[in-house]
Amino acid sequence: MPVPADPSPELAQYAHPERLVTTAWLAENLDDPGLVVVESDEDVLLYDTGHIPGAVRIDWHLDLNDPLTRDYVDGEAFARLMGGHGITRDTTIVLYGDKNNWWAAYALWVFSLFGHPDVRLLDGGRSAWVAEGRPMTRQAPSRVSTDYPLVRRDDSALRAFQSDVLAHLGRPLVDVRSPGEYSGDLLHMPDYPQEGAMRGGHVPGAVSVPWARAAAEDGRFKDREDLEAIYLTEVGLDPQTETIAYCRIGERSSHTWFVLTHLLGFSHVRNYDGSWTEWGNSVRVPIVRGTQPGGV
Amino acid sequence: MTASTTPLPAALADIAADLQAASARGRLDLLLEFSDELPPLPPRYAGSALLERVDECQTPLFLTVEVEPEQPHRVHLFFAAPPEAPTTRGFAGILHAGLDGLPAHDVLAVPDDAPMRLGLAEAVSPLRVRGMVGMLARIKRQVRAKAHPG
């Protein structure tokens with residue numbers, strides 16, 4: 001890795017501690033030329049109100065989604081995006097954002113589809129950095145463009161499509177939406193527009209673990225022991241068994257994908273980004289309503 | 001949504017012209033200015049049940065409308081949105097700058113698709129601009145109810 005991992009002892013408990021950095025480490029390493037900080041938020045304008053000095057913005061709507069097809073950008077657009085921000089294939093990328101790194105984790109997952117070697121999350125995200133009174137600026141960074149190589153996106157290992165989920169029924173699935181969405185009472189998160197799906201409920205057999213349960217009060221990830229108590233003991237997921245996570249459009253489940261893969265060391269987790277806006281609109285796919293996972 | 005050709009009120013038309021003339025980057029800067037300049041909610045509305053929630057926004061925003069009882073029934077807009085939601089605040093700021101103080105008749109004449117005619121869709125994505133469409137619809141509904149009670 002171009003920039004050494006954060007050696008902070010609190011990260012050592014996780015399966016892949018090199019995928020996280022602490023605010024203190026980032027503050028010390030901000031000027032490292034091998035590192036680029038990327039902010040990714042729900043609100044596209046939040047970055048402009050102030051961001052970590054030197055950080056660039058990548059927006060899930062404008063930068064990561066294909067404007068026409070419901071898909072992610074292709075290798076050429078990704079290369080343009082990264083090159084435009086002065087990122088090379090050797091760059092260490094540290095992502096952070098609002099809402100417990102929800103959108104930052106989504107961006108990290110998309111970067112992983114392109115196999116960018118070194119992507120990390122700032123533990124605690126934007127709120128932890130701000131709460132500690134660390135520097136923020138409205139000054140746009142000036143970065144020199146680079147030639148990021150054209151890399152084909154590889155969806156096979158990390159991304160599940162609807163056909164994959166249908167073939168996977170009967171094996172572990174985790175639904176990370178709110179309890180009301182899981183049971184079918186709501187079609188979107190509480191406080192958000194109720195739109196996007198014809199039917200409510202969940203994929204048969206999916207266990208319910210709302211994504212934010214992985215975060216502690218201060219927005220940082222919970223300790224490994226606490227995460228294992230939730231994902232392994234409480235709902236019975238198994239690190240060695242293929243698991244698929246989903247939510248409404250695949251963003252919240254990217255956060256859970258990160259937790260299972262990088263913090264708990266699950267060997268094969270895929271994110272179903274079609275998620276409920278695809279499943280709940282599809283004709284003749286099985287749905288379970290209520291609070292129990294249900295059978296296939 | 002197909003753009004209508006109904007003219008916008010003068011202040012809103014000026015804002016639209018400024019936004020249209022700006023680059024995508026410049027549009028974000030202008031939106032941020034509107035976010036910064038959104039007047040705070042008057043204390044009399046703090047925590048008030050009179051505030052209507054706009055569900056169409058990514059981050060919920062609350063708004064209420066006052067209509068002067070005498071002709072020409074001028075409209076006054078009040079918004080509450082957190083600083084962590086600058087896009088939503090910016091939308092509210094544009095509507096405040098463009099519509100506050102207008103006669104009820106003029107506010108009701110604003111085309112429902114006005115937010116789509118500001119050049120913001122390219123800057124912040126069409127999905128997000130839908131939140132502003134929702135705000136305008138709720139403002140007009142409140143004006144209609146309060147200007148013509150019963």
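**Note on a predicted two-chain model**

1. Helix α3 of chain B (residues 86-99) contains 14 residues and spans 19 Å from its first C-alpha to its last, close to the 20 Å expected at 1.5 Å a residue. The expected span is 1.5 Å times one less than the number of residues. Helices (H or I, at least four residues) and strands (E, at least two) are DSSP runs, numbered from the N terminus.

2. This is a predicted model: local features need pLDDT of at least 70, side-chain atom pairs count only at pLDDT 80 or more, and totals for chains, interfaces and linings use all residues. Residues are numbered from 1 along each chain as its sequence is written, chains are lettered from A and ligands numbered from 1 in the order in which they are written, and side-chain values use heavy atoms, with hydrogens and water left out.

3. Because 13 of its 14 residues are buried, α3(B) is largely enclosed by the rest of the structure. Buried means under 20% relative accessible area, exposed over 50%, partly exposed in between (1.4 Å probe, protein chains only). Just after α3(B), G101(B) adopts a positive phi of about 90°.

4. In chain A, five strands form an open sheet with parallel pairing, in the order β1-β5-β4-β2-β3. The edge strands, β1 (20-21) and β3 (56-57), each pair on one side only. Two strands pair if DSSP finds at least two bridges between them; β4(A) and β5(A) have three.
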